[in-house]
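Have the structure open while you read.

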Amino acid sequence: MSKTIKNCFYEKLTFEKMLEANNRARIGKVKKKEVIIFEMDLETNIIKIIEEIKNGNYYFGKYRSFIIYEPKERIIKSLPYRDRVVHQWYVEEFIKPYFLKRFIKDTYACLDGRGTHHAVCALQKKMRLMKKEHQSYYVLKCDIKKYFYSINKTILLDILQSKMSDKKLLEFSKRILDDGQNIGIPIGNFTSQYFANIYLNELDYFIKENLRVKNYVRYMDDFVLLVSDKEEAKRLLALIGEYLQNRLQLQLNAKSKYFLNKKGIDFCGYRIFETHILLRKRFKNKIRKKFKLWKYLIDNNKFIYSKFLLSVNSCKGHASHCNSHNYINKFDKKIDDLISNKKIEK
């Protein structure tokens with residue numbers, strides 16, 4: 001396994017690979033105006049992108065910003081479609097082949113074959129092992145304050161530079177990151193989730209190799225350590241906070257804390273115990289709000305059945321991964337009551 005990404009930038013800058021990137025970028029967006037316009041002259045547009053990158057004069061467009069409020073208020077930034085195609089190409093050809101196999105097995109966010117449900121199962125398995133070994137143990141649960149907004153690009157580039165001996169690739173990586181600010185990467189960029197994982201990969205190795213913590217799970221900037229006693233949890237919390245500040249210029253959220261295992265662990269949308277997994281109260285509150293919204297849309301003739309069905313299936317899918325049989329039955333009954341005796345066009 002090569003220690004760095006060597007000269008391969010131009011080798012992977014081909015029409016075929018950029019076309020594949022477009023095919024990935026367009027998924028779920030084929031009816032969007034900017035996608036339709038781009039694909040009206042697809043061959044010419046792809047050739048133009050390749051020529052601009054080769055000549056060193058490819059410049060990323062302006063961000064479009066909007067705010068979302070679930071699960072909390074966040075600013076999302078979106079680049080023009082052609083830039084999103086380029087991001088797909090960059091991640092698939094350079095980031096995934098090199099970095100993914102260097103991530104520890106205990107990190108789960110935005111990785112093929114992993115995800116929230118795998119993270120939950122992995123954590124519960126570790127909890128059961130700790131319960132068997134210690135009966136009572138401590139949970140150290142942490143997250144990072146305003147993570148994406150706090151990533152230091154100078155440090156991130158230093159990390160990338162240590163892994164990239166291909167100068168053209170490193171130069172292009174700098175161009176991707178350059179948005180006029182040294183701190184923070186945009187939530188919404190396809191590249192951002194991978195840069196964010198690469199950044200905290202440093203923490204993963206510190207915890208696993210330096211601190212020698214066996215039972216550790218991370219999902220993006222939320223991470224959990226299982227330890228034998230309170231003093232050990234307290235010691236590790238201090239060391240992790242110090243490492244994050246000194247090495248990565250990050251701060252732990254004030255909510256980071258340690259507690260006895262009997263309380264269960266809120267993680268990835270569930271409350272996890274050794275014997276069972278429950279839905280979080282926040283999820284149930286979200287469902288209550290959805291029912292109010294659906295009722296309003298029905299009463300005001302704004303109800304779209306296809307969107308409603310997608311939302312219902314998403315909610316039931318999330319609930320199906322925990323001990324929620326009774327909740328799903330009640331949910332189905334409320335759905336039936338909601339749409340019964342209503343003239344709804346399917």
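Let's start with Asp 266, which is partly exposed at a relative accessible area of 26% (buried is under 20%, exposed over 50%, partly exposed in between, with a 1.4 Å probe and protein chains only). This is a predicted model, where local features need pLDDT of at least 70 and side-chain atom pairs count only at pLDDT 80 or more, while totals for chains, interfaces and linings use all residues. Residues are numbered from 1 along each chain as its sequence is written, and side-chain values use heavy atoms, leaving out hydrogens and water.

Asp 266 pairs up with Arg 280 in a salt bridge, at 4.0 Å from N to O (the criterion is a side-chain nitrogen of Lys or Arg within 4 Å of a carboxyl oxygen of Asp or Glu). Asp 266 sits in strand S7 (residues 265-267) and Arg 280 in the loop between strand S9 (277-279) and H11, so this pair ties together parts that are 14 residues apart in sequence. Helices (H or I, at least four residues) and strands (E, at least two) are DSSP runs, numbered from the N terminus.

The structure has 19 salt bridges. Three of them look like this:

| Salt bridge | N to O distance |
|---|---|
| Asp 266 with Arg 280 | 4.0 Å |
| Glu 92 with Arg 24 | 3.9 Å |
| Glu 34 with Arg 84 | 2.9 Å |

Glu 34, in helix H2 (residues 33-40), and Arg 84, in helix H4, are 50 residues apart, and their pair links distant parts of the chain. Glu 34 is partly exposed, at 34% relative accessibility.

Glu 92 is partly exposed with a relative accessible area of 27%, and Arg 24 is partly exposed at 23%. Salt bridges with shared partners join Arg 24, Glu 92, Lys 96 and Asp 112 into one network.

Which residues lie nearest the centre of the second largest pocket? They are Ala 25, Lys 29, Ser 78, Arg 84 and Gly 188, out of a lining of 19 residues. A pocket here is an open set of points on a 1 Å grid over the protein atoms alone, where a 1.4 Å probe fits, with protein on both sides within 12 Å along at least five of seven lines; lining residues have an atom within 4 Å of a point. The volume is about 400 Å³, counted as the space filled by probe spheres set on the points, which are joined across faces, edges and corners. Helix H1 (15-25), strand S1 (64-68), strand S2 (74-78), helix H4 (81-99) and helix H9 (190-210) each give at least two residues to this lining.

Elsewhere, Lys 281 belongs to helix H11 (residues 281-299) and counts as exposed, with 72% relative accessibility. Lys 281 and His 325 are 44 residues apart in sequence and 16 Å apart in space, C-alpha to C-alpha. Tyr 149, in helix H6 (residues 147-150), is partly exposed at 36%.

Zooming out, the protein chain has 13 helices and 9 strands. Of its 346 residues, 45% count as buried, and the C-alpha atoms fill a box of roughly 60 × 60 × 30 Å along the principal axes.
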